[in-house]
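I'm going through one model today and jotting down what I look up as I go.

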Amino acid sequence: MSYPPPSGPPGDEPPPSPYEPPRDQSPYGPPADEPSPYGQQGPHQSAHWSQQPAYPPQGPYGQYGPPPSGPGRPTNVLAILSLVFAFVFPPAGAVLGHVAKRQIRTSGEEGDQLATWGLILGYVFTGLTVLACCGWLALVTLGNTGNSGGY
């Protein structure tokens with residue numbers, strides 16, 4: 001036995017589900033019959049929910065700070081090497097500092113302070129190395145002049 005499907009009057013729609021919002025309201029906005037907790041009232045409320053705020057355009061990734069202001073003067077490579085070699089091999093740091101300062105005067109590159117610090121540190125560390133070597137030689141020669149003691 002077959003039962004006819006339950007139906008109301010012809011052309012009548014089923015009753016709305018209590019779990020779905022009404023068809024004339026957006027499912028993403030607050031209910032129209034409840035007051036907004038943020039103090040917004042009226043028809044402009046649903047239009048507000050559908051618009052996104054405008055964000056400023058994003059710059060390229062990995063760059064911080066203000067954008068570069070055009071091509072600047074490059075830094076002299078020998079000035080950088082002068083500072084590095086002042087710690088590794090101090091006499092070379094002093095020589096590279098002199099050469100870098102001469103190149104900077106003629107070419108107008110950046111790096112004058114780097115070359116100056118390479119010169120200063122190169123001479124200071126060279127002097128300290130020479131003093132340490134002289135002190136070590138003095139200890140070796142003075143230590144060997146006495147009797148060895150026969151131990």
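**Ground rules.** I'm working on a predicted model, where local features need pLDDT of at least 70, side-chain atom pairs count only at pLDDT 80 or more, and totals for chains, interfaces and linings use all residues. Residues are numbered from 1 along each chain as its sequence is written, and side-chain values use heavy atoms, with hydrogens and water left out.

**Salt bridges.** I searched the whole structure and got two salt bridges (a side-chain nitrogen of Lys or Arg within 4 Å of a carboxyl oxygen of Asp or Glu). Glu 110 pairs with Arg 73, with the closest N and O atoms 2.4 Å apart. That pair links distant parts of the chain: Glu 110 sits in the loop between α3 (90-107) and α4 (112-144), Arg 73 in the loop between α1 (44-50) and α2, 37 residues apart. For helices I use DSSP runs of H or I, at least four residues, numbered from the N terminus. Glu 110 is partly exposed because its relative accessibility is 33%, while Arg 73, at 53%, counts as exposed. My cut-offs are buried under 20% relative accessible area, exposed over 50%, partly exposed in between (1.4 Å probe, protein chains only).

The other entry is Asp 112 with Lys 101, at 2.8 Å, N to O. Here Asp 112 is in helix α4 and Lys 101 in helix α3, eleven residues apart. Asp 112 comes out partly exposed at 38%.

For Cys 133, the nearest cysteine sulfur belongs to Cys 134, 7.0 Å away. I have both as partly exposed: Cys 133 at 43% and Cys 134 at 47%.

**Helix α2, inside.** Is Ser 82 buried or exposed? It is buried, because its relative accessibility is 0%. Ser 82 belongs to helix α2 (residues 77-88). Skipping neighbours within four places in sequence, I list its contacts (heavy atoms within 4.5 Å) as Gly 93, Leu 96, Gly 97, Ala 115, Gly 118 and Leu 119.

Technical notes:
Helices (H or I, at least four residues) and strands (E, at least two) are DSSP runs, numbered from the N terminus. A disulfide is a pair of cysteine sulfur atoms within 2.5 Å.
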